[in-house]
Amino acid sequence: MHHTKQLTKAEEEIMQMLWRLEKANVKQIIDLLPEPKPAYNTVSTIVRILESKGFVDYEKQGKGHVYFPIVKKQDYSNQSLNTLVDNYFQGSFKSMVSFFVKKNDISLQELESVLKDINKKD
């Protein structure tokens, strides 16, 4: 399943919480979010956007909804990485790797798995 839909920063933040929780209602998502906490309605709206983008699904639980991710974190990360390379590094993977390595922002393991993914793509 290939998702080329990019998430906004806010949507991605909520998505990260859902990946961590695996299943959650809006309140549980808010509990995990850093201060200052967003309003219930804000989070609820974003979750619905994620649902319409096909990232999240829900099941009814009592009066509320419990949401869960239907896109794997791995799949999304790989895809956003490709977008990142295309957008910011003119598709040059080398310049991106050296950028991350210089920033010391990426562990060797991460680098390895990234390189493996890139090599898988022809």
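Analyst: Buried means under 20% relative accessible area, exposed means over 50%, and partly exposed is what lies in between (1.4 Å probe, protein chains only). This is a predicted model, so local features need pLDDT of at least 70 and side-chain atom pairs count only at pLDDT 80 or more, while totals for chains, interfaces and linings use all residues. Residues are numbered from 1 along each chain as its sequence is written, and side-chain values use heavy atoms, with hydrogens and water left out.

User: Which residues of α1 are buried?
Analyst: Helices are DSSP runs of H or I, at least four residues, and strands are runs of E, at least two, numbered from the N terminus. Helix α1 covers residues 9-21. Its buried residues are Glu11, Ile14, Met15, Met17, Leu18 and Trp19.

User: How far apart are the end C-alpha atoms of helix α1?
Analyst: The expected span is 1.5 Å times one less than the number of residues. With 13 residues, α1 should span 18 Å, and the model agrees with that: the end C-alpha atoms are apart by 19 Å.

User: Which residue follows α1, and what is its phi near?
Analyst: Phi is positive there. The residue after α1 is Glu22, with phi near 75°.

User: How many salt bridges are there by this rule?
Analyst: The rule asks for a side-chain nitrogen of Lys or Arg within 4 Å of a carboxyl oxygen of Asp or Glu. Side chains of opposite charge can pair when their charged atoms come close. By that rule, the count is three.

User: Which residue forms a salt bridge with Glu11?
Analyst: The closest N and O atoms of this pair are 2.7 Å apart. The partners sit 42 residues apart, one in helix α1 and the other in the loop between α3 (40-52) and β1 (56-61).

User: What is the distance between the closest N and O atoms in the Lys23 and Glu59 salt bridge?
Analyst: Lys23 is in the loop between α1 and α2 (26-32), and Glu59 is in strand β1, 36 residues apart. Lys23 is partly exposed at 43%, and so is Glu59 at 32%. Their closest N and O atoms are apart by 3.2 Å.

User: Where do Asp31 and Lys27 lie?
Analyst: Their side chains meet in a salt bridge, 3.1 Å from N to O. An α-helix has 3.6 residues a turn, so residues three or four places apart point the same way. Asp31 and Lys27 are four residues apart, about one turn, both in helix α2.
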